[in-house]
Amino acid sequence: GKGEFDHYMLKEIHEQPVAVANALEGRLGSDQVLIEAFGPQARQLLGKTRQIHLVACGTSYHAGMVARYWIEALAGVPCQVEIASEYRYRDVVAPPGTLLLTLSQSGETADTLAALRHARKRQGENYAGTLSICNVPGSSLVRESDLSLMTHAGPEIGVASTKAFTTQLTSLMLVALALRQLRGGDQGLTARLVHRLRYLPTLLGDTLQLDAEIAELAQRFVDYRHTLFLGRGAQMPIALEGALKLKEISYIHAEAYPAGELKHGPLALIDGNMPVVALAPMDELIDKLKSNLQEVRARGGQLVVFADPESRLEQEEGMRVVRVPGCCRFLAPIVYSLPLQLLAYHVAVARETDVDQPRNLAKSVTVE
Ligand code: F6R
């Protein structure tokens, strides 16, 4: 049941420290990832991987978009990400050594399964193999993939995906580090990230302390009709995910853009009735992001910025700053997912929608 929580979604948001700890359980050595724990054939499959096609739908697709940044930066493996309903009908060119990596909470999403089958049939000889990252053991996707990494999030009841997403991200970080190890990248960084992964559940627990502050902040969104989300780098897919959560449960129209795209069009939307939610972790793009935020402020946009304590963003007229616990830039996408989930949740509650069962949606999309 929901226990002390009003909705499954809120319960599942608060389960994330435990869910992520479960996704890591047994998979970390003292300073590296235990590749054998992925399965007996994992070392061989990842060893012969030359590039990756990541394929998924919805929230799982956003996890794939984050993973591309990690896999390219940490392992130097070329990576492309695609929505399954597009991949399955495209004349995909898969160079030899392509790993098809499908992501799915349910393992029963029709388009994702079809993409897997299409790839096997069409260019079977060029695929090094198929890996799925999935939350449901014994699902069709797991049965039909060469190798599966289970996310161990536990059952997710709320239609809007939360803990399934952050455990997918955690699992994808393990894959990125495994690829780095196999390709002989500098192991100092690997060791540091392994140590930070161990601490991640605690960090997520600290981040959930923002719940009350975000519940209060959410009240100001209730009467807005639109919201714009901005992020850069690996936070850009988190902005997309924040927008998806908001629209699917609160029915407020939301869009997300890479912050650098603002002046190529969406800036025209900004006025005093357009709230803009920005993600500002401490990374090499922070100064560029700050100048994007100035562009919004100069046009009267109402900014809400989720920021690292070190990003030196100060609250001022038209800009509300919410401090997110400091974290390393690689794990920041996982950490920053939580405040956006909480924001969508509290806006939806304030608008009295059916949070766990949003209109027109199904938990598992088993038809095309
Ligand atoms: C949104 C959401 C959906 C799913 C999508 C894929 O909150 O849950 O976008 O992510 O339908 O589902 P899975 O991951 O089961 O393949």
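Lys and Arg count as positive here and Asp and Glu as negative, with His and the chain ends left out. Each charge is placed at NZ of Lys, CZ of Arg, CG of Asp or CD of Glu. On that basis the protein chain carries 37 positive and 41 negative side chains, and the centres of the two sets sit 5 Å apart.

Keep in mind that this is a predicted model, where local features need pLDDT of at least 70, side-chain atom pairs count only at pLDDT 80 or more, and totals for chains, interfaces and linings use all residues. Residues are numbered from 1 along each chain as its sequence is written, and side-chain values use heavy atoms, without hydrogens and water.

As for the fold, you'll find 13 helices and 10 strands in the protein chain (DSSP runs: H or I of at least four residues, E of at least two). The C-alpha trace spans about 55 × 45 × 45 Å along its principal axes. Of the 368 residues, 60% are buried, meaning under 20% relative accessible area with a 1.4 Å probe, protein chains only. Take contacts (heavy atoms within 4.5 Å) between residues at least 6 apart in sequence: 76% of them join residues at least 24 apart.

Now the cysteines. The whole structure has 0 disulfides, a disulfide being a pair of cysteine sulfur atoms within 2.5 Å. Cysteine 327 is in none, and the nearest cysteine sulfur, that of cysteine 328, lies 6.6 Å away; that is too far for a bond.

| Residue | Relative accessible area | Class |
|---|---|---|
| Cysteine 327 | 17% | buried |
| Cysteine 328 | 15% | buried |

Notes
Buried < 20%, exposed > 50% of the residue type's maximum accessible area, 1.4 Å probe, protein only.
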